[in-house]
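Okay, everyone, thanks for coming.

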Amino acid sequence: MEAISRSPMYRARRALNFSLQKYAAIMRVSIANNLAYVMEVLFRALMLVVLVFVLGQLWTTTYATRGVTTLNGFSISDMVWYLVIAETIAMSLPQLTRRIDQDVRSGQLAYLLGRPCNYVFYNFAQYLGERLVRLAINGVVGAVVALIFVGLPHFTWMGIVAWPLVTLFALSIDFVAYFSIGLLAFWTEETSSFALIFNRLTLVLGGVLAPITIFPEPLRSIALILPFSTILYGPSRTLVHFELDQFVLLVLHQVITLVVGGVILLVMYQVAIRRVNINGG
Amino acid sequence: MSIIEVEALAKTFKTRERAAGLSGSLHSFIAPRYRQREAVKPISFSLEPGELLAFIGPNGAGKSTTIKMLTGILYPTSGKASVLGLTPWQQRRKLSFRIASVYGQKSQLWYHLPPQDTFDLLARIYELDMAEYRKRRSFLVEVFDIEDYMRTPARKLSLGERMRCELAAALLHKPSVIFLDEPTIGLDVIAKQRIRDLIGHLQVEEGVTVFLTSHDAGDIEQVCRRAIVINHGEIILDAPVAKLKRDYLKVKTVDLLLEEPAHTLLKTDSNTGKQRLSVQLPTSIHEEIQDTEGVQVLKAKGHGLKLAIDTSRTPLEPVIAAVMQHCHILDMTIADPPMEEIIATIYGQASRDGNVNGNDHVPVDAEPLTAGE
């Protein structure tokens, strides 16, 4: 028995178990913390009503003017549901960069670094908890709006099954990007401008206003190659218009983006952690 | 064996200099200039298990930087340190299971949630056995008397209540060493006293080693047995608190608001022309006290009277009693000398003892500096 408990395999499994429990607990606490101001999130989600209404009207006019019922395979119903899903993801983004920036500048980092947990994973679990609360509320509000405007969606069961996976990857890509930008606080005086640029690029090139496939060339090809498309366009299209080959390509694109972004983040983190210059003292 | 060993530990920060004005900002942008700042000059000391150490100094002296190096958060520029046999910045994760740190100006409690949730989370983070954790939590909740706050969102707790919860949270995993960085900062007198009592209590109950930084002399006097004074990153004194009290914390400032005009208690010394307190000390209480020569009048205006009392020559109690015999005291504040004054006294003492080196800094090995030794 003792031999088993000392084996590297046993120790690795035990450590993994503790880690999973640890980060799951952080995510649970983060969800609870964000549910404390659920009304604020709900009111913010109401902005979806305005956005979907305006964009829905624009697309209805476009379809009517061109005298078509579909655009690149998207009916007006698909288009509205696409917009709702893309906006649901886009509007669920918490102020991650600002939190990391504040942690670095205020010295709050000291508490987290002094604990037996990884600062990056701690923040990922916290971010995920925060984002899931917003995503759920936005999703409910958006679904109600879309149901009223265009009725039931034409989702396939494969799309419904695949969507959580690609959305989780999309949220992870956002985390890697905004966390890395937050780490820039170790080198720069101001990080919010970088976060703003990334956010606007995600909205414009990520396909929040329209599916990227209806963009004109060469913008379409450029946008499809860039990582922004894996955050909004990819997951939204997966649910509205599931195609297996597109799904496989999307997952591949997301994994490559995550691996490259993750390596950049870890390198930045390793360098940054040696530059810790916590306030006070 | 020492629980903390520090040998020539130093930390230098590189800070960007920025000249004033628009041209200065532009110049700084194009050709930034950096300045090296020695936050901690090479310091050495050790701490035995169960010791209560006050690591004190004014703002910017290097206290927090030292704590952060000892907890593994900051990498030192040079030198060695060992905490519980581990090198903090190389074995931070391993060390974090055995130490705790509480920062008075920062909170580890989740703002919108009751402390109970943070406690549960910490149990997971420190990988505690849940049955053991529940027992430990009950014990700490009782000792710190925080049962009523455990289900109140942290944002609704007062600073004193929050700090008690912070301390209890830090002790959940039974640390061997606890680093307290300004734990009483911003607290009122009663809350401060409560925190000091609790720190003393936990040391007695659990035998935990306490490393406390503060610039409040009261924390040191009431909680610790040994004090290290740090200034400009250098240790200028390492002595028992009893010595510190006797030599450097002996003068108390007493601020009185009297029912009678203050001048009725004073008379002018014909030799010096200075005002003196003119009251008869109750010799039945302190027979050795013959007069008020340890009492200096700092300010007397209207009904307000401010005295500096050298407690090594005249204890506080008979002076206050004598004033009370004469007239009613409407309000009274007793304060320790500010940290800057204590440090100035230490330097002054060292200078008189001839222990000052070329750059006016007291040598690191400050034990011989204690006055009257």
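Some housekeeping before that. This is a predicted model, where local features need pLDDT of at least 70, side-chain atom pairs count only at pLDDT 80 or more, and totals for chains, interfaces and linings use all residues. Residues are numbered from 1 along each chain as its sequence is written, chains are lettered from A and ligands numbered from 1 in the order in which they are written, and side-chain values use heavy atoms, with hydrogens and water left out.

Let's start in chain A with a pair of helices. When I say helix or strand, I mean a DSSP run, H or I with at least four residues for helices and E with at least two for strands, numbered from the N terminus. In general, two packed helices are described by the angle between their axes and the distance between the axes. Here, helix H4 (residues 47–66) of chain A packs against helix H8 (residues 119–150) of chain A at about 35°, and the axes are 9 Å apart. Axes are lines fitted to C-alpha atoms, for helices over the stretch in contact, and angles run from 0 to 180 degrees between N-to-C directions. H4(A) and H8(A) cross in the right-handed sense, meaning that the near helix is turned clockwise from the far one by less than a right angle.

Which residues make the contact? From H4(A) we have Leu48(A), Val49(A), Val52(A) and Phe53(A), and from H8(A) there are Asn138(A), Val141(A), Gly142(A), Val145(A) and Phe149(A). Contact here means heavy atoms within 4.5 Å. By type, the residues where H4(A) meets H8(A) are seven nonpolar, two polar and no charged. For the record, Ala, Val, Leu, Ile, Met, Phe, Trp, Tyr, Cys and Pro count as nonpolar, Asp, Glu, Lys and Arg as charged, and the others, Gly among them, as polar.

Still in chain A, there's a cis peptide bond between Glu217(A) and Pro218(A), with omega about 0°. You'll find Pro218(A) in the loop between helix H10 (192–205) and helix H11 (219–225) of chain A.

Now over to chain B. Is helix H2 (residues 63–70) of chain B enclosed or open? Eight of its eight residues are buried, so H2(B) is largely enclosed by the rest of the structure. Buried is under 20% relative accessible area, exposed is over 50%, and partly exposed is in between, using a 1.4 Å probe and protein chains only. Among those buried residues are Lys63(B) and Lys68(B), along with Ile67(B), Met69(B) and Leu70(B). Just after H2(B), Gly72(B) has a positive phi of about 90°.

Ala8(B) is at about 50° and sits in strand S1 (residues 4–17) of chain B; Asp145(B) is at about 55° and lies in the loop between helix H5 (130–143) and H6 of chain B. Ala8(B) is partly exposed at 34% relative accessibility, and Asp145(B) is partly exposed at 43%.

On to the sheets. Strands of a sheet pair through backbone hydrogen bonds, either parallel or antiparallel. One open sheet in chain B has six strands in the order S5-S6-S7-S3-S8-S9, with mixed pairing; two strands pair if DSSP finds at least two bridges between them. Its edges are strand S5 (99–103) and strand S9 (234–240) of chain B. S5(B) runs parallel to strand S6 (residues 177–181) of chain B, joined by five bridges, and Val102(B) stands opposite Leu180(B) in S6(B). Helix H6 (residues 159–170) of chain B packs on this sheet, touching S5 and S6.

Zoom in on Arg226(B), which is in strand S8 (residues 226–231) of chain B. Arg226(B) counts as buried, at 13% relative accessibility. Its side chain makes a polar contact with the side chain of Asp238(B), at 3.0 Å. A polar contact is a pair of N or O atoms within 3.5 Å; within protein, one must be able to donate a hydrogen and the other to accept it, and residues adjacent in sequence count only if both atoms are side-chain atoms.

Last stop: a second open sheet in chain B, four strands in the order S13-S14-S10-S15, with antiparallel pairing. Six bridges join strand S10 (residues 251–258) of chain B to S15(B), and Leu257(B) stands opposite Asp331(B) in S15(B).
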